[in-house]
Amino acid sequence: MRGLPSHACDGRARLWLALVVVVALATLPFLVHGWFEASDETNDASIYVASARAILAGEGYSYLGEPFTVRPPGMSWFLAAVFALRGADWLAVNVLVALSGVACVTLLYWHAQRRIGAWLAALVALAVWFSTPFQTLCNQAMSDVPGAALLLACLAVERWAARQPSWRRDVVLGLAIGAATYVRSVVILLVPAIAAARVLAAWSGARPRDARAWARFALVSLAPFALAAFATKLPWDVRCALHHPEPPVDQNYLFSYSTAMWHVDGGDPASPRRELSSIAARVPERAETVLGLLGARLAPAPRAAPTEGPGGHGAAHVALGAALVVLVAITAWRRRESAELFALGFLLVLLLYFGFRDRLALPLWLLALPAAVEAFLHLVSARTSPRLARGAATLALVALPFLDFRPRAGWDRVEAQHRFYERYAAEVVAVVPPERRLASQIGWHLSVFLDRPVWSLFFAARRAGGPQGALETLRRRQIDAVALSPRVPADRSIAPFLLQHMTPILRTDDTLVLAPRP
């Protein structure tokens with residue numbers, strides 16, 4: 001393991017660090033809005049909000065009165081603290097998430113500067129900060145950016161532990177990793193990444209000579225941090241095992257990550273297990289998606305016309321993404337350190353994962369950038385000169401903000417969504433008193449603006465193979481009214497069926513409210 005080199009704390013490195021922090025903080029007020037993004041990309045945010053309100057109501061970490069086990073509680077506890085102090089202040093929420101973005105690029109700089117030097121590390125950090133996809137994530141009540149900051153913080157703790165190796169420092173490292181999993185579960189993959197890095201370092205150095213020496217190595221160098229990490233995570237795992245919704249779940253896609261990964265019905269652990277071949281079959285298409293996303297620097301793929309298929313990133317972006325992964329692999333081979341091993345392991349997880357959203361690639365992209373620059377410097381310097389290599393890297397990194405930064409991109413859409421849900425909620429409140437139980441096709445976003453439970457009909461209907469499954473949810477959940485909106489595509493699909501079984505009590509341009517027939 002390598003500790004921080006001597007130049008890591010010199011005046012030049014600190015000067016560039018200060019520049020990154022000052023630029024990010026100075027521009028932050030112009031890059032944060034005060035709306036709640038209610039889009040298909042932020043469904044998790046609405047569940048975090050509902051669970052945060054349940055915490056404040058004394059119901060524990062729950063969703064619609066049932067224990068919530070799909071995602072760890074860190075983000076909901078954060079939102080609960082904000083709501084306790086400020087109420088539903090979305091500007092405050094977005095500012096705090098954006099501040100975690102400042103921490104993220106600061107820690108990214110600190111991670112990169114020991115590898116590629118302070119100047120290039122600062123350019124990497126600022127290229128991320130002025131990336132439009134990154135700024136979009138900084139304006140969402142989601143755990144992606146805070147989780148990425150915690151991942152980089154754990155890597156910083158690992159470097160600190162490596163400076164003066166001891167079991168005490170390794171325990172601190174394990175505690176940091178375990179605590180970070182309460183915000184983003186994926187951070188636990190640092191445990192095998194760090195373990196693999198340490199084994200490779202021992203193998204290439206003064207390796208243990210026999211099985212007993214290897215066992216002592218595992219006991220001294222691997223066990224303390226790994227056990228501390230899993231012990232810190234254990235209370236959450238035990239809680240999920242003992243307190244969970246009754247399957248099959250009808251208010252979420254998933255019963256658990258494991259169920260979604262290995263079972264045909266992600267909401268029912270009793271459903272048949274998936275064939276391994278069906279999981280492996282995801283890889284080719286997913287690889288094209290992930291590589292295209294990396295090549296486009298997390299910019300979403302353009303949507304194709306309905307007659308042209310699903311759309312996607314072009315071949316050029318896929319090729320760039322593949323080149324980026326190759327450069328990461330080169331750095332992983334040369335350094336054999338946890339950051340690149342984590343990135344490659346996480347890439348494998350993404351290729352096999354049951355569902356994919358663009359935002360999931362954020363940790364991979366953050367770690368890939370400095371690793372790719374380092375490999376580029378190594379390859380070009382070997383064939384030309386270090387000065388030419390650093391000059392070319394500088395030009396490329398300076399160009400990224402000019403290519404990627406579109407200030408306030410998408411803000412009109414986010415504000416329109418927010419205003420629509422405000423109108424929608426106001427119209428629903430006028431005819432459905434708070435004591436009545438309310439449902440919608442998917443109730444997540446509406447519940448945010450109503451500040452009350454809203455059950456969903458979609459999941460039971462999907463499991464039943466048709467809208468008739470919604471009637472079972474209406475009966476089981478004792479629903480008094482259903483709110484739909486013609487402006488929400490999912491609502492339009494079920495409205496004709498429900499109109500056959502329920503009576504409209506409100507119709508407007510934005511809202512349709514139905515009640516059971518006597």
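Helix axes here are lines fitted to C-alpha atoms over the stretch in contact, and the angle between two of them runs from 0 to 180 degrees between their N-to-C directions. With that in mind, and remembering that this is a predicted model, begin by selecting helix α5 (residues 118-129) together with α16, whose axes come within 11 Å and cross at roughly 145°. The crossing of α5 past α16 is right-handed. To see the residues that meet there, display L120, V124 and V128 in α5, and then W365, L366, L369, P370, V373 and L377 in α16. Sorted by class, this contact has 9 nonpolar residues, with no polar and no charged ones.

On the α16 side, select V373, F376, L377, V380 and S381, which meet P386, A389, R390, A392, A393 and L397 of α17. By class, the contact of α16 with α17 has 9 nonpolar residues, 1 polar and 1 charged.

Next, go to helix α13 (residues 283-295), whose 13 residues reach 18 Å from the first C-alpha to the last, close to the 18 Å expected at 1.5 Å a residue. Colour R286, V290, L291, G292, L293, L294 and G295, which are the buried residues of α13, and then show α14 (315-335), α15 (338-352) and α16 (362-383), which are among the elements that cover them. Just after α13, stop at R297, which takes a positive phi of about 60°.

Move on to α14, where 21 residues reach 30 Å from the first C-alpha to the last, close to the 30 Å expected at 1.5 Å a residue. Its buried residues are V318, G321, L324, V325, L327, V328, T331, A332 and R335, and the elements covering them include α4, α13, α15 and α16. Just after α14, R336 takes a positive phi of about 55°.

Finally, turn to the largest nonpolar core, which has 152 residues, and select Y109, I177, V482 and L498, those with the most contacts inside it. Helix α4 (residues 90-116) gives the most to this core, with 13 residues.

Definitions and conventions. Residues numbered from 1 in each chain as written. Predicted model: local features only at pLDDT ≥ 70, side-chain atom pairs only at ≥ 80, totals over all residues. Heavy atoms only, no water. Core = buried A, V, L, I, M, F, W, Y, C linked by side-chain atoms within 4.5 Å. Buried < 20%, exposed > 50% of the residue type's maximum accessible area, 1.4 Å probe, protein only. Helix = DSSP H or I, 4+ residues; strand = E, 2+ residues; numbered from the N terminus. Expected span 1.5 Å × (residues − 1). Contact = heavy atoms within 4.5 Å. Nonpolar A, V, L, I, M, F, W, Y, C, P; charged D, E, K, R; others polar. Left-handed = near helix turned anticlockwise from the far one by under 90°.
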